[in-house]
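Subject: Structure for you to look at

Hello,

Here is the structure I promised to pass on. Please open it and keep it beside this email while you read.

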Amino acid sequence: MNSYPYMIENGAGEQLTFTRRISDADGDRVEGTARVAPGAGPPMHVHYLQDEVFTVVRGRIGFQRLGMGPEYATQGSTIVFPAGEPHRFWNAGDEDLHCDAYIRPAGNAEFFLAALFASQRSNGGRHPGLFDVAYLTRRYRREYALLGIPRLVQRFAFPILVMVGTILGRYAKYTDAPEPLRG
């Protein structure tokens with residue numbers, strides 16, 4: 001378990017600081033801040049079990065829901081992506097975007113994001129390593145999906161990559177990975 005606060009970065013202009021994990025009547029949630037460099041942001045993705053909420057503190061955020069055009073928001077605006085809604089966001093301004101954010105229920109969001117960010121950072125910030133993406137998206141497929149990767153690749157090629165990665169010992173770093181949630 002991590003102690004708070006702690007920061008992760010992906011080497012491509014995204015930095016998340018997890019500030020606390022709290023429980024209340026609606027379940028647990030992880031809170032934090034996001035700092036995103038101009039033009040940076042995650043690809044289209046979905047959290048099947050979690051709501052993701054951003055409040056813009058400074059800057060201009062661009063965001064898009066699957067099948068819809070881009071939208072934009074500035075300081076004081078709150079954007080909610082309900083569980084199961086595919087979305088992406090990016091810094092649509094010329095200076096760093098700063099948002100307060102939370103994910104509810106927290107689930108494995110911290111582990112999943114930290115592992116993806118570490119893989120991307122070790123890969124020069126371009127994208128997470130293929131073996132890591134295959135492992136993480138297979139293991140947590142009921143919780144998260146990266147929609148830029150074709151379904152056929154995820155369904156047929158990723159299991160083979162995970163098998164090869166296991167044989168090659170690529171996943172020793174995930175020995176203590178949390179169990180996937182059942183949604």
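First, a term you will need: two residues are in contact when heavy atoms of theirs lie within 4.5 Å. Also keep in mind that this is a predicted model.

**The sheet**

Start with the open sheet. It has six strands, in the order E1-E2-E3-E10-E5-E8. The pairing is antiparallel. Strands of a sheet pair through backbone hydrogen bonds, either parallel or antiparallel. Which strands sit at the edges? They are E1 and E8 (78-81), and each of these pairs on one side only. Neighbouring strands of the sheet are turned against each other by 25° on average, ignoring direction.

At one of them, E1 is joined to E2 by four bridges, and the two run antiparallel. Tyr 6 has Phe 18 in E2 as its bridge partner.

In E1, Tyr 6 and Ile 8 form the covered face. Met 7 and Glu 9 form the uncovered face.

Where does Gly 11 lie? Gly 11 is in the loop between E1 (6-9) and E2 (14-24). These strands make a hairpin with four residues between them. Within that hairpin, Gly 11 takes a positive phi near 80°. Which residues does Gly 11 touch, leaving aside neighbours within four places in sequence? Its contacts are Arg 121, Gly 124 and Gly 125. Gly 62 is another matter: from Gly 11 to Gly 62 it is 51 residues in sequence and 20 Å in space, C-alpha to C-alpha.

**Aromatic rings**

A search of the whole structure gives 13 aromatic pairs. A pair of aromatic rings is described by the distance of the centres and the angle of the planes.

Take Phe 111 and Tyr 174. Their ring centres are 6.2 Å apart and their planes are at 75°. Planes over 60 degrees apart count as edge-to-face, so this pair is edge-to-face. The pair links distant parts of the chain, 63 residues apart. Phe 111 is in helix H1 (residues 109-122), and Tyr 174 is in the segment after helix H3 (151-167). Are these two residues buried or exposed? Phe 111 is partly exposed, at 24% relative accessible area. Tyr 174 has 6% relative accessibility, so it counts as buried.

Next, Tyr 135 and Tyr 171. This pair is stacked, with 4.6 Å from centre to centre and 25° between the planes. Tyr 135 is in helix H2 (residues 130-139), while Tyr 171 is in the segment after H3, so the pair ties together parts that are 36 residues apart in sequence. Tyr 135 is buried at 12% relative accessibility. Tyr 171 is buried too, with a relative accessible area of 10%.

**Charges over rings**

Two arginines to find. Arg 29 lies over the face of Tyr 102, 4.2 Å from the ring centre. Arg 60 has its charged end over the ring of Tyr 72, at 4.1 Å from the centre.

Best wishes

How values were computed
Residues are numbered from 1 along each chain as its sequence is written. This is a predicted model: local features need pLDDT of at least 70, side-chain atom pairs count only at pLDDT 80 or more; totals for chains, interfaces and linings use all residues. Side-chain values use heavy atoms; hydrogens and water are left out. Two strands pair if DSSP finds at least two bridges between them. Axes are lines fitted to C-alpha atoms, for helices over the stretch in contact, and angles run from 0 to 180 degrees between N-to-C directions. Rings of Phe, Tyr and Trp (its six-membered ring) pair if their centres lie within 6.5 Å; planes under 30 degrees apart count as stacked, over 60 as edge-to-face and the rest as tilted. Buried means under 20% relative accessible area, exposed over 50%, partly exposed in between (1.4 Å probe, protein chains only). A charge sits over a ring if NZ of Lys or CZ of Arg is within 6 Å of the ring centre and within 35 degrees of the ring normal.
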